[in-house]
Amino acid sequence: DSCDNHDLGSVGETEFRKVLPAMAATDKWFLKMIVRKTPIPVAQRKESGFTNPFSVLADRDGETVEIPFHEAFPEEFEVMLQAYRDLVSELTRLKSSLELGMDGSVPNFGDLIDRKVAYYEALISALNSSDEALWYAADALLPGQIRDDGDMIHIHTIEEAYGRDPVARVPETSLRVPDRSDDAVKAQTIANQTKARMLRSLNSSRLQDLIAVQQTVSLTERSNAVLRHFLGTGFEHFLKPAGQILPNHAEPRTKGGVDSSLDISSTERRWKEKEKAVVATFGRLFFEKIVLPRKDIHKEIGAETTSHELGHSVGILPDTNSRLGGVEFINRFIEEWKATVGGAVCHLIIPLWDNTGEVTLEDAKDWIISKLAMACRFALLRHRPGGVMYFRKSMMLVNLMQKHDLLISSGEGEFPWEIKLDDNPKVESFLKELFDQYREVLRLYGEGTEDGLRDFLGENLTSS
């Protein structure tokens, strides 16, 4: 038994040690890929005449063309290929060193090593090609080389936008099939596009002078674990996942582990709470004419929830908590605002100003209405445990809406509040000051003091 356990450990240790460089290179090329070009769903690519999901779209002499992954990212792919070649050699050597059974198999392994070798050889062939058949042949062999939940598997990240029917890989230990319903796929496609815009915005000159942003971007460039969380989750303090962005009914919410996102049914329930709160504050007519027509569950999960969770990831340095008064103070008064506004800055405001063509001013107006509706909901729920931090966030946003005459009170009647978004210059001035506030908070996160944060809160956190 001890020999068998040692052998099992040898295979797992060998695979883990040899695969690490490939995992790091995989995430580096994937980051480059989605920052270079926003993910496009496979069906939309084919409608545009691009048929190979294992290529990246790039501009060449003013024309959009398909370039195979291994040609577009030669440095990363060479690292991956060499790592997998070394792994195949090591597994072959390991098998020959073990005492085989009468049938030539490794005791308690069956043909596990052979299956692993076959898989990685297929993967090497796929990585050297843009032939869809080779990539799908490698994917078809993936389940067969997994022994149990403790077995190591590789990571080659092909998100919804880049594969025909990919499975989601959970780093290092297990295989997870995501929610493949139409609703989840729509939400995930929007989430991919949101993540790509946010990662590009973090590299924008509009933010790159800030220490907190420089450190955040630096982490994604040198840490495989941090990058994977950026692509898949948000962060809590000290880099614990705060929210899993892929809707998945099969996984439980676990604090400090992977949190499943708001699924479709949960978001629908929240809409019922928003309806009750908005009607109580603005009246039934306002809800039905202004709020309800903007209801989009896929966008709410894929853009707003996704951008909020990635917003948590930005700007937290090792000494941020100690400089700004401790994690409890930061969480209670500013972190939720930073996440929501950071999401809006990176996936809406900067792309809008950069004229990328991905968002319009109308998208920003939809976001304003959504935040106003959520402010009503958070006011209703502010006495629940933990509810006050979301209420404070909303009050900061509502105050700014009032300051720029987007939210006006007549002071008369049962529903004295009115929202005005037809004056585009006022909407744009609101977005500009929201951006300036976010920059100031990131400056505080990167180099500020508790007194500085309290001054910022004193100026901007008041209840109307």
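1. Let me start with the core. The largest nonpolar core has 68 residues, and Ile334, Trp337, Phe430 and Leu434 are the ones that touch the most other members. Helix H14, spanning residues 327–353, gives the most to this core, with 13 residues. A second, separate core holds 35 residues, including Trp29, Val88, Leu123 and Ala126. Please keep in mind throughout that this is a predicted model.

2. Phe430 deserves a look of its own. Setting aside residues up to four places away in sequence, phenylalanine 430 touches Trp367, Ile368, Leu397, Leu400, Met401, His404 and Leu406. As general background, nonpolar side chains tend to be buried together in soluble globular proteins.

3. Now the overall picture. The protein has 464 residues, of which 53% are buried, and its secondary structure comprises 18 helices and eight strands. Of the contacts between residues at least 6 apart in sequence, 68% join residues at least 24 apart. The accessible surface comes to about 20600 Å², and carbon and sulfur atoms account for 51% of that area.

4. Within residues 132–141, the buried positions are Trp135, Tyr136 and Ala138. Viewed down the axis of H6, these buried residues fall within an arc of 155°, so they line one face of the helix. Their packing partners are helix H3 (69–72) and helix H5 (112–127). At the start of H6, a side-chain oxygen of aspartate 131 comes to within 2.9 Å of the backbone nitrogen of alanine 133.

5. A polar atom of the arginine 439 side chain lies 2.8 Å from the backbone oxygen of arginine 206. Arginine 439 and valine 213 are 226 residues apart in sequence, yet their C-alpha atoms are 9.7 Å apart in space.

6. Finally, the cysteines. How many disulfides does the structure hold? The count is zero. Cysteine 346 is buried, at 1% relative accessibility, and cysteine 376 is buried too, with a relative accessible area of 9%.

Conventions:
Residues are numbered from 1 along each chain as its sequence is written. This is a predicted model: local features need pLDDT of at least 70, side-chain atom pairs count only at pLDDT 80 or more; totals for chains, interfaces and linings use all residues. Side-chain values use heavy atoms; hydrogens and water are left out. Buried means under 20% relative accessible area, exposed over 50%, partly exposed in between (1.4 Å probe, protein chains only). Helices (H or I, at least four residues) and strands (E, at least two) are DSSP runs, numbered from the N terminus. The arc is that of the directions from the helix axis to the C-beta atoms. Contact means heavy atoms within 4.5 Å. A polar contact is a pair of N or O atoms within 3.5 Å; within protein, one must be able to donate a hydrogen and the other to accept it, and residues adjacent in sequence count only if both atoms are side-chain atoms. Accessible areas come from the Shrake-Rupley method with a 1.4 Å probe; for residues, only the protein chains shown count as cover. A nonpolar core is a set of buried Ala, Val, Leu, Ile, Met, Phe, Trp, Tyr and Cys residues joined through side-chain atoms within 4.5 Å. A disulfide is a pair of cysteine sulfur atoms within 2.5 Å.
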